[in-house]
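Here are some comments to read alongside the coordinates.

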Amino acid sequence: MNLDGKYLIIAHYHSGGLIRKDLVELVKHFNREFTKILFISTKLNFDEKKKINKYAKIIVRPNYGYDFYSYKVGIKYLLDNEKKLNDNKLIFLMASSLMYFNPIKLLKEFNKIKKIHNKVYTLSKSWEIQEHFQSDIFIFSINLFKNKFFLKWWQQIRKFKSRQLIINKYELGFTEMIRKLDIEGNALFKENI
């Protein structure tokens, strides 16, 4: 899979407003591979922005809603501001909490994706509470937003502070929503399942 025409949205949080070194390196490396990187942070010190502002569009927002609200902010930004979005473009949603990945190895996993139409990819599944996709990475085609129910689901994400409520409504809810819409879900790391 050629990563041209791919958009990466990183949901970032650090209690001290810092960006870990491995995440800085990932953003720099991925800048060469993705059309645009959106770095959505709920807390970021001014000096930390300097580490990646040449490589990513930085948006700082209030700290609520966890990763899903950051994903919503990034998706809205892309849909509102990117003129060249079409059905062949892909969106990658990634939580900064999992960034202990080697960027080159992670790109190799991304490159294993061959068919994306009407599919959502993630790194792994969980059976905690019920079977669902982990929210640390989601990959899907921009064409899924043509489905009004898929688009509406993202637009209706709210600003909750309760982690458990967010897990129930959004992490479990996303998996349930794609099943209802008959969108195929795939985990890249099946051995963890």
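**Notes on the model**

1. H3 and H5 are oblique to each other, a class for angles that are not under 35 degrees (roughly parallel), over 145 (roughly antiparallel) or 65 to 115 (roughly perpendicular). In this predicted model, the axes of H3 (residues 66–81) and H5 (residues 148–155) cross at roughly 125° and come within 9 Å. Axes are lines fitted to C-alpha atoms, for helices over the stretch in contact, with angles from 0 to 180 degrees between N-to-C directions. Helices (H or I, at least four residues) and strands (E, at least two) are DSSP runs, numbered from the N terminus.

2. On the H3 side, the contact (heavy atoms within 4.5 Å) involves Phe68, Tyr71, Lys72, Ile75 and Leu79, which meet Leu151, Trp153, Trp154 and Gln155 of H5. The residues of this contact divide into seven nonpolar, one polar and one charged. Here Ala, Val, Leu, Ile, Met, Phe, Trp, Tyr, Cys and Pro count as nonpolar, Asp, Glu, Lys and Arg as charged, and the others, Gly among them, as polar.

3. The model has six salt bridges, each defined by a side-chain nitrogen of Lys or Arg within 4 Å of a carboxyl oxygen of Asp or Glu. One of them joins Glu82 to Lys36, at 2.9 Å from N to O. This pair links distant parts of the chain, 46 residues apart: Glu82 sits in the loop between H3 and strand E4 (90–95), and Lys36 in strand E2 (residues 36–41). Glu82 is buried at 17% relative accessible area, while Lys36 is partly exposed at 24%. Buried means under 20%, exposed over 50% and partly exposed in between (1.4 Å probe, protein chains only).

4. Asp22 and Arg20 also form a salt bridge, with an N to O distance of 2.9 Å. Asp22 is partly exposed at 23%, and Arg20 is partly exposed at 22%.

5. In the salt bridge of Glu48 with Lys51, the closest N and O atoms are 3.0 Å apart. Glu48 is buried, at 9% relative accessibility, whereas Lys51 is partly exposed at 35%.

6. The chain has a mean pLDDT (the predictor's confidence in each residue, from 0 to 100) of 84, and 87% of its residues reach 70 or more. Confidence is lowest in strand E7 (residues 132–133), at a mean of 58, and highest in strand E3 (residues 57–60), at 97.

7. On conventions, local features need pLDDT of at least 70 and side-chain atom pairs 80 or more, while totals for chains, interfaces and linings use all residues. Residues are numbered from 1 along each chain as its sequence is written, and side-chain values use heavy atoms, leaving out hydrogens and water.
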